[in-house]
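Hi,

Here is the structure I promised to pass on.

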Amino acid sequence: MTAPVTTDSEFDDEVPAADEGGRPAARRYGLLALAAAVVVGLLLGYAGGLLTPTLSRPGDTSAEAGFARDMTAHHNQAVAMGLLAFRQGQDAEVRQVGVDIATGQQGEIGTMQTWLRSWKLDPTGEQAPMAWMPDGAGLVKDGLMPGMATPEEMAKLRAASGREFDVLFLQMMIRHHIGGVHMIDGILDEGHDDDVLAVAQVMKNTQQNDLTNLNAALKRLGGTL
């Protein structure tokens with residue numbers, strides 16, 4: 001199987017050739033450029049993952065395999081949210097954050113899925129979500145991993161516009177990142193593969209930096225958690 005690739009194709013049919021003010025279809029080209037950037041990020045992630053040594057491969061029930069599978073699913077939602085922010089955000093910073101998260105986390109998905117392939121493991125596996133963490137079962141709420149939005153919350157985000165969208169996106173992404181950092185802390189505690197630990201630490205640093213910016217943007221827009 002190949003890694004799931006999140007693109008903005010679900011939005012393409014909804015993008016008009018010109019907006020109501022008669023401007024050319026810059027937004028369509030922007031969406032296509034972002035889609036290309038997401039795919040490039042995924043391919044770079046695959047290339048990075050191929051550098052992982054295979055002399056000692058994590059097993060199917062290892063913390064490394066569980067983390068790679070669960071964080072792929074977690075990242076997929078963040079990529080979808082980032083693409084929504086690029087398309088619907090009113091605030092320039094919100095739109096840029098959306099681009100950065102979508103491209104960055106798609107690249108990390110490529111890395112994690114390449115690990116699984118190099119370890120000769122199924123990309124999804126049979127274990128329940130978060131089973132690789134000692135307290136993992138208690139962290140799953142209604143089938144969702146820490147910080148993940150419900151289908152109803154995602155629908156609300158898709159339906160929002162203007163400042164309402166910007167604030168809602170920031171609130172949801174802050175919760176998403178906090179949950180993601182908790183999962184990363186789990187692999188940093190439970191993992192043994194040096195390459196996985198190194199990538200996980202970079203993920204944590206990136207998401208903590210994102211959290212600083214997300215919280216500052218939320219405060220600037222007058223929103224609260």
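Starting at the N terminus, the elements of the chain run α-α-α-α-α-α-α-α. That comes to eight helices and zero strands, where helices (H or I, at least four residues) and strands (E, at least two) are DSSP runs numbered from the N terminus.

Before the rest, a word on the ground rules. This is a predicted model, in which local features need pLDDT of at least 70 and side-chain atom pairs count only at pLDDT 80 or more, while totals for chains, interfaces and linings use all residues. Residues are numbered from 1 along each chain as its sequence is written, and side-chain values use heavy atoms, with hydrogens and water left out.

On confidence, pLDDT (the predictor's confidence in each residue, from 0 to 100) averages 86 over the chain, and 76% of the residues score at least 70. A contact means heavy atoms within 4.5 Å.

Of the contacts between residues at least 6 apart in sequence, 79% join residues at least 24 apart. The chain has 225 residues, and 51% of them are buried (under 20% relative accessible area; exposed is over 50%, partly exposed in between; 1.4 Å probe, protein chains only).

Alanine 216 counts as partly exposed because its relative accessibility is 46%. Its C-alpha atom is 9.8 Å from that of leucine 170, 46 residues away along the chain.

Best wishes
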